[in-house]
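Visitor: I've never looked at this one before. Could you walk me through it, one question at a time?

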Amino acid sequence: MPGLFPRWMNVLPTLGALGAVGGGTLAIGGVWYYFTPEFWEVGYMPVQPGQGFNHQIHAGKLGMDCRYCHSHVEESRHANVPTVKTCYGCHEEGKLQRVEEKTAFVREAYETNTSIPWRKIHKLPDYAQFSHQPHIAAGVSCFSCHGQIKGMPVVAQAEPLSMGWCLDCHRNPENNLVPTDKVTDLIWVEEWLSTPLDERRDEAHSDMSPEALLDSLRRDPPQHCGACHY
Ligand code: HEC
Ligand code: HEC
Ligand code: HEC
Ligand code: HEC
Ligand code: HEC
């Protein structure tokens with residue numbers, strides 16, 4: 001099925017090809033291009049503690065909704081990472097014996113009342129303001145900013161998070177808007193976003209033409225400096 005592979009993987013062959021060119025202006029051009037801030041953090045994938053956390057299994061195979069764990073994403077600036085209690089609910093001793101060994105670090109953290117030191121992947125500089133809440137409310141899916149998380153055994157940064165990237169969408173948001181009840185349905189969203197604008201249909205809005213649907217989703221994101229910088 002298309003879309004089960006994280007989008008950042010597409011960048012890898014290009015990087016490989018650039019490496020193979022070796023010497024000369026082409027390689028210098030390539031280095032300059034990729035090491036410009038817009039690109040340097042795509043693919044960032046730190047090693048996580050314990051056996052890590054696998055989104056492909058939990059959000060993909062088991063179909064858990066993002067908000068089960070990232071429960072504040074709709075109402076606050078930050079999407080929280082779940083506490084060890086959330087994990088323990090399923091990984092208490094004796095509950096899921098098949099993965100008991102791999103989840104020992106969960107019980108250890110729970111029993112010693114410590115948190116698992118997850119390493120942060122997405123990070124904006126302090127001078128840039130970003131909040132999840134208005135984006136989710138406007139129908140911007142996690143997919144547009146974090147890629148196909150349901151296909152990621154290990155989360156990697158899929159988008160540059162640069163100012164140019166924010167503004168690209170703010171100038172032309174239509175292509176990234178989905179019905180708000182679909183924002184966390186990342187497989188559905190990937191298919192929706194790869195369908196041409198004038199052909200997008202949604203069962204819940206089957207009485208609307210694609211144009212009327214698009215119109216109902218239309219938003220006007222800010223482009224003035226003060227919106228993102230104080
Ligand atoms: C069972 C709990 C759980 C579910 C369900 C879940 N996540 Fe996560 N998520 C985590 C944990 C734990 C981390 C921290 C470890 C890591 O980065 O892998 C995390 C990390 C992330 C990160 C990286 C955060 C950073 O450090 O920048 C993103 C993005 C993310 N999740 C998005 C999603 C999306 C989108 C969904 C739904 C498709 C989802 N998650 C479903 C538990 C969950
Ligand atoms: C419009 C882009 C955008 C959308 C949509 C979006 N995120 Fe994020 N996300 C970001 C950015 C940017 C950061 C880094 C924020 C920072 O450093 O202040 C981030 C950070 C995170 C983090 C790390 C904790 C934090 O808040 O810093 C998690 C977890 C996360 N996102 C999960 C999600 C989930 C789940 C969804 C969908 C329900 C989602 N995001 C939708 C852009 C987005
Ligand atoms: C709703 C129940 C549920 C929750 C909540 C949950 N898990 Fe799991 N987890 C499972 C199931 C079921 C499996 C076994 C999947 C399979 O059959 O492969 C699993 C597998 C795992 C594995 C083994 C993965 C592998 O590579 O085979 C690890 C590690 C793990 N979970 C960590 C966590 C962590 C950390 C959290 C909290 C952020 C968490 N889980 C939350 C149900 C859950
Ligand atoms: C994929 C599209 C997309 C991306 C990427 C995106 N935004 Fe937005 N942004 C929107 C939409 C849509 C709105 C909502 C406009 C509305 O509700 O009228 C919005 C609204 C905002 C607002 C106004 C919030 C409010 O309270 O009204 C700010 C500030 C903002 N975005 C900052 C950012 C920053 C910073 C980034 C980059 C880190 C970013 N956005 C990336 C689509 C996007
Ligand atoms: C939609 C949100 C948004 C708007 C609007 C915006 N910026 Fe930014 N800006 C950002 C983000 C996010 C970064 C951090 C980029 C990074 O980490 O590389 C940034 C970075 C910067 C930087 C640091 C240098 C750089 O390019 O990385 C400057 C200077 C800056 N912005 C000035 C401005 C000015 C002037 C305006 C108005 C014309 C503006 N910004 C409008 C989001 C925005």
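This is a predicted model: local features need pLDDT of at least 70, side-chain atom pairs count only at pLDDT 80 or more; totals for chains, interfaces and linings use all residues.

Visitor: Which helix gives the most to the shell around ligand 3?

Guide: Residues are numbered from 1 along each chain as its sequence is written, while chains are lettered from A and ligands numbered from 1 in the order in which they are written. Two helices, H3 (55–61) and H5 (84–91), each supply at least two residues of that shell, helices being DSSP runs of H or I with at least four residues, strands runs of E with at least two, both numbered from the N terminus. The top giver, with 5 residues, is H5.

Visitor: Which residues come nearest to ligand 3?

Guide: A residue is near a molecule or strand if its C-beta atom, placed from the backbone, lies within 6 Å of it. By class, the shell holds 10 nonpolar, 7 polar and 1 charged; Ala, Val, Leu, Ile, Met, Phe, Trp, Tyr, Cys and Pro count as nonpolar, Asp, Glu, Lys and Arg as charged, and the others, Gly among them, as polar. Out of 18 residues around ligand 3, the nearest are Gln51, Cys87, Cys90, Val99 and Lys102.

Visitor: How many charged residues are in the shell around ligand 4?

Guide: There are 22 residues around ligand 4, and Ala138, Cys166, Cys169, Arg219 and Pro221 come nearest. Helices H7 (132–138), H8 (142–146), H9 and H12 each give two or more residues to that shell. Sorted by class, the shell has 15 nonpolar residues, 5 polar ones and, for charged, 2.

Visitor: And ligand 5: which helix gives the most to its shell?

Guide: Of the 15 residues around ligand 5, the nearest are Ala128, Met163, Cys166, Cys225 and Cys228. The shell divides into 11 nonpolar, 4 polar and no charged residues. H9 and H12 (225–228) each supply at least two residues, and the one that gives the most, with 4 residues, is H9.

Visitor: Let's zoom out. How many helices does the chain have?

Guide: Reading from the N terminus, the elements run α-α-α-α-α-α-α-α-α-α-α-α. There are 0 strands, and the helix count is 12.

Visitor: How many residues make up the largest nonpolar core?

Guide: A nonpolar core is a set of buried Ala, Val, Leu, Ile, Met, Phe, Trp, Tyr and Cys residues joined through C-beta atoms within 7 Å. Buried means 20 or more other C-beta atoms within 10 Å of a residue's own, exposed means 12 or fewer, and partly exposed is in between, with C-beta atoms placed from the backbone. The largest core includes Ile136, Phe143, Val183 and Leu186, and H8 and H10 each supply at least two of its residues.

Visitor: Why do the buried residues of H10 line one face of the helix?

Guide: They are Leu186, Val189 and Glu190, and what covers them includes H8. An α-helix has 3.6 residues a turn, so residues three or four places apart point the same way. The buried residues of H10 line one face because, seen down the axis, the directions from that axis to their C-beta atoms fall within an arc of 100°.

Visitor: Is Pro179 buried or exposed?

Guide: Pro179 sits in the loop between H9 (163–171) and H10 (186–193). Beyond its neighbours within four places in sequence, Pro179 is in contact with Gly139, Asp202, Ala204 and His205. Because it has 20 C-beta neighbours inside 10 Å, Pro179 counts as buried.

Visitor: What is the phi of Leu161?

Guide: Most residues other than glycine have a negative phi. Leu161 lies in the loop between H8 and H9, and it is buried, with 21 other C-beta atoms within 10 Å. Although Leu161 is not a glycine, its phi is positive, at about 60°.

Note on methods: Two residues are in contact if their C-beta atoms, placed from the backbone, lie within 7 Å.
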